[in-house]
Amino acid sequence: MQKALTIAGSDSGGGAGIQADLKTFQELNVFGMSALTAVTAQNTLGVHGVYPMTADAVVNQIYAIGEDIGADAIKTGMLFNAEIIEAVAIQIKKYQWKNVVVDPVMIAKGGASLLQTEAISALKKYLLPLSKVITPNIPEAEVLTGMTIETSQEKKDAAKKLYELGVSNIIIKGGHDEDPSESIDILFDGKEFYTYTSKRMNTKNTHGTGCTFSAAITAELAKGASIQEAVQTAKQFIQAAIEDQIQVGHGHGPTNHWAYQKRNAVKEYAPR
Ligand SMILES: Nc1ncnc2c1ncn2[C@@H]1O[C@H](COP(=O)(O)OP(=O)(O)O)[C@@H](O)[C@H]1O
Ligand SMILES: Cc1ncc(COP(=O)(O)O)c(N)n1
């Protein structure tokens with residue numbers, strides 16, 4: 001069975017972070033593992049506390065996995081500080097992991113910081129060059145490039161700039177777009193642009209969309225999909241999870257990780 005590892009923070013509320021990643025891995029039929037970088041006290045109303053792990057503790061978790069189980073693909077989410085970023089980069093090199101998805105998590109939807117500002121240069125220097133694909137949302141792509149992104153053309157320009165910084169595949173996600181009707185994600189592989197468009201859902205329940213989307217890409221890469229195929233599946237997975245809403249908590253609720261399998265099951269057993 002294919003195995004996927006998430007190196008990320010814990011969301012006690014279960015909607016984002018390693019909880020979202022492991023639920024997604026499970027739904028996409030890969031064996032999920034985790035190395036925890038930080039504990040957050042978090043629910044649908046916000047982040048109430050952040051408790052980072054020591055870099056040593058992060059390294060030891062990755063070591064435990066690397067020495068015994070191995071991973072067909074890995075993803076990083078909340079890394080919080082430069083020390084953890086550097087330590088994770090060293091481990092990725094040590095185990096020669098190639099299917100590396102970097103979700104450059106910076107700020108939670110409620111506004112809490114999940115990455116120290118002084119760690120951004122470490123992210124660019126140590127981790128981005130080791131990635132197979134990075135998945136910034138618009139504000140993250142703006143921070144990484146220093147550009148303002150409002151249009152599809154500006155998304156493409158930012159992706160090009162990130163490619164020039166040494167990232168091999170870039171997806172700029174459209175969740176934060178102004179467009180009221182569509183959510184457009186753009187993939188750039190250094191040669192071509194690929195556009196993934198979905199109907200924008202008018203909902204406040206989008207907590208963990210970025211984590212879920214990048215975890216789905218990771219699961220598909222673990223199973224041997226190409227980047228384009230993996231993004232296609234991830235887009236369908238997140239669209240189903242946003243559309244088929246569940247009500248959890250009193251604020252920005254999580255998405256529905258069961259929805260994609262449920263849809264496929266309905267398709268499989270539908271009378272012809
Ligand atoms: N309201 C929405 N309707 C449809 N798709 C959405 C919506 N919000 C986000 N998405 C999709 O969810 C994925 C995550 O995007 P985004 O919300 O930008 O990430 P993040 O959680 O990192 O801010 C992308 O594929 C994006 O297009
Ligand atoms: C532990 C952790 N990791 C990542 C996110 C980002 O998720 P989102 O931007 O969808 O709130 C989060 N809120 N918490």
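A222 is buried, with 27 other C-beta atoms within 10 Å. Buried here means that 20 or more other C-beta atoms lie within 10 Å of a residue's own; exposed means 12 or fewer, partly exposed is in between, and C-beta atoms are placed from the backbone.

Before going on, some ground rules. This is a predicted model, in which local features need pLDDT of at least 70, side-chain atom pairs count only at pLDDT 80 or more, and totals for chains, interfaces and linings use all residues. Residues are numbered from 1 along each chain as its sequence is written, while chains are lettered from A and ligands numbered from 1 in the order in which they are written.

Back to A222. Its place is in helix α7. Helices (H or I, at least four residues) and strands (E, at least two) are DSSP runs, numbered from the N terminus. The C-alpha atoms of A222 and A73 are separated by 4.8 Å, yet the two are 149 residues apart along the chain. What does A222 touch, not counting residues up to four places away in sequence? The list is Q2, K3, A4, V30, D72, A73 and N99. Contact means that two C-beta atoms, placed from the backbone, lie within 7 Å.

Now the helix itself. α7 has 14 residues, and 14 of the 14 are buried. From first C-alpha to last, α7 reaches 20 Å, close to the 20 Å expected at 1.5 Å a residue. That expected span is 1.5 Å times one less than the number of residues. After α7 comes G224, with a positive phi near 100°.

K75 is another covered residue. K75 is found in strand β4. It counts as buried because it has 31 C-beta neighbours inside 10 Å. K75 and T218 are 143 residues apart along the chain, but their C-alpha atoms are separated by 6.3 Å. Leaving aside neighbours within four places in sequence, K75 is in contact with T6, D21, V101, D103, S214, A215 and T218.

Next, the core. A nonpolar core is a set of buried Ala, Val, Leu, Ile, Met, Phe, Trp, Tyr and Cys residues joined through C-beta atoms within 7 Å. The largest one has 74 residues, and A4, V88, A216 and I217 have the most contacts inside it. Which element gives the most to this core? It is α8, with 9 residues. Take I217: beyond four places in sequence, its contacts are V101, V133, T135, A230, V231 and A234.

α8 has 17 residues and reaches 24 Å from its first C-alpha to its last, close to the 24 Å expected. Its buried residues include I227, A230, V231, A234 and F237.

α3 has 13 residues and spans 18 Å between its end C-alpha atoms, close to the 18 Å expected. In α3, I84, I85, A87, V88, A89, Q91 and I92 are buried. Their cover includes β1, β2, α2, β4, β5 and α4.

On to the ligands. A residue is near a molecule if its C-beta atom, placed from the backbone, lies within 6 Å of it. Ligand 1 has 18 residues around it, of which N137, K173, G175, S183 and G210 come nearest. β8, α7 and α8 each supply at least two residues of that shell. By class, the shell has 4 nonpolar, 10 polar and 4 charged residues. The classes: Ala, Val, Leu, Ile, Met, Phe, Trp, Tyr, Cys and Pro count as nonpolar, Asp, Glu, Lys and Arg as charged, and the others, Gly among them, as polar.

Ligand 2 has 19 residues around it, and G9, A16, G17, A108 and K109 come nearest. Two or more residues of the shell come from each of β1, β2 and α7. β1 gives the largest share, 4 residues. This shell divides into 7 nonpolar, 10 polar and 2 charged.

Most residues other than glycine have a negative phi. N29 is not a glycine, yet its phi is positive, about 65°. N29 lies in the loop between α1 and β2. N29 is exposed, with 12 other C-beta atoms within 10 Å. Q96 also has a positive phi, near 50°. Where is Q96? In the loop between α3 and β5. Q96 is exposed too, with 7 other C-beta atoms within 10 Å.
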